[in-house]
Amino acid sequence: MTQKEYNTAVDDFSDNIFRFALKHLRNEMSAKDIVQETFAKVWEKHESVNYAKVKSYLFTTAYHAIVDWAKKEKRSGDIEQTEERGATQSMNFEVQEVLTEALAKLSEIQKSVVLLRDYEGYNYAEIAEITKLSESQVKVYIFRARKTLKEYIKRLDLVV
Amino acid sequence: MGKISVFNYEAYYLDFLEGNLNGEDTALFLEFLEANPDLKMDNDVLPSYSEESIILDSETKEKLKHHTEDEVIVSTNIEHFLIAQAEGILSEEKTEEVDKYVAKNNGLTKEKAVFNAVYFKADTSIVFADKQSLRRRKIIFAPSWRLMPYYAAAASVILILLVWYSNTDIEITQKQYFTEDNKKTIPGNKEEPFSLEDNVAKNETQVEGNRHDYISTPLDEQLDNSLTIANHSPIDDRDKKQNNNSSNVAENTEKEPIKKREYKKKSGVNSLENFELQPTVGEQTMATIEPKNEQNNDYASVHFGDVQNPIEQITSFIAKKTKTTVDYRRQKKTKTKPSSIFVKIGKFEFSRKKH
């Protein structure tokens, strides 16, 4: 990947990575850090990265950065505080906002596979490549996540 | 009974709970507990390890099951097919089958709607504002002709500083250079008084071969003439004459040094007292130094004409643009030549050599 292609990737995918990280972390500063870290790592390897696969490479890098961040924050207890803040701030019963709240109920891996599926439209095989899981594992995680989300929404009786 | 006591009953207790006691020991242990009711533990305190107590609920079990499209749709697997339909991974045939099943069971209509609703939509209003910080740029040096004199000046300063700091025993001026050099090489300058007589005496003992660099002066010619014997025949060629005179001088110097001195003093015309003495520096004349193969530290004798300029294109380019003489020459140390460097920027010149 050339420098020009790398800069094109910045224009094309930095927003996607940011949204992906923000949904995960629910913390804008941390999400920005993830974006910076992701692109910095990709730049280090840009000569060996094929531009055709840069999006996948970016999400793989971002995913691992998020997992690391989540582990670190979980140890310090910040992630729980963030979740509480998010839950109390959202009083709007729009489905998407409730879904965002419901996302906090999912495990990190479930969040990742669902967001990769919904936001980026990746198929199971692509998600498996990004998350280093098997395709069947991805499918199981997605199905379980859908059930959890469904239960959360159904409980609030939002969908008629 | 005697073998179970308050000191070892706990081990028996554990074996009893785990079912490891034989019939006899079990009877003995129960008898012991009857006798010591205060040691009997309540059932809720004791952990239960019965296999029957560890069970998974049916919902969890259901989640572990894998389903295939071939399966017949029933109440226990309809949820899976509803999710699969929402995911878009069902075949058309199976999708129709699911729809028919939902239509037959009104309660599933809402389930289906909810499963279709649990999809995230990216909020495109959320953007990463600081894209500029992620971009990478090539650093391209675009020289501005207007600034070229400044570039040249900066380059010159850097070059001078590099040379300056790379040379620990740098000599700045010619005067200092000679002063240092003479102190090292001329013993007469330090301790021995430099007298006219001594100098003459030393000149007389110069070896014959030293004459080849000697430039003849009127005084020399007179001296030479006075020293030559009658068999001397004049030769028009000056070089030949000098060579012959030199050899004669050498011969006479070796054979009759005392007579020669007397002869000089007696001679009214050729007496040394009547002539200004040539500025010789005792043994340190060029003639005496070179045969001894000593280092030539004469600053002025370092010539850079034959030294290559490794950055000729750059210096000529800078010189052209700044309309200033810019030169840089460098000679690496060889067996016959010392390492030397020469820098010229306008009127400023700097050079050094290092043995």
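1. Which residues in H1(A) meet residues in H6(A)? On the H1(A) side they are A:Asn16, A:Arg19, A:Phe20, A:Lys23 and A:His24, and on the H6(A) side A:Glu108, A:Lys111, A:Ser112, A:Leu115, A:Leu116, A:Tyr119 and A:Glu120, where contact means heavy atoms within 4.5 Å. By class, this contact has four nonpolar, three polar and five charged residues.

2. This is a predicted model, in which local features need pLDDT of at least 70 and side-chain atom pairs count only at pLDDT 80 or more, while totals for chains, interfaces and linings use all residues. Residues are numbered from 1 along each chain, chains are lettered from A, and side-chain values use heavy atoms, without hydrogens and water.

3. The axes of H1 (residues 3–25) and H6 (residues 108–120), both of chain A, come within 10 Å and cross at roughly 145°, the angle running from 0 to 180 degrees between N-to-C directions.

4. Chain B has 15 helices and three strands, which are DSSP runs (helices H or I, at least four residues; strands E, at least two). Of its 355 residues, 30% are buried, that is, under 20% relative accessible area with a 1.4 Å probe and protein chains only, whereas exposed means over 50%.

5. In helix H15 of chain B (residues 312–322), B:Thr315, B:Ile318 and B:Ala319 are buried. Seen down the axis of H15(B), the buried residues fall within an arc of 100°, so they line one face of the helix. B:Gln313 and B:Lys320, on the other side of H15(B), are exposed, and just after this helix B:Lys323 takes a positive phi of about 55°.

Notes. Nonpolar A, V, L, I, M, F, W, Y, C, P; charged D, E, K, R; others polar. Arc of directions from axis to C-beta.
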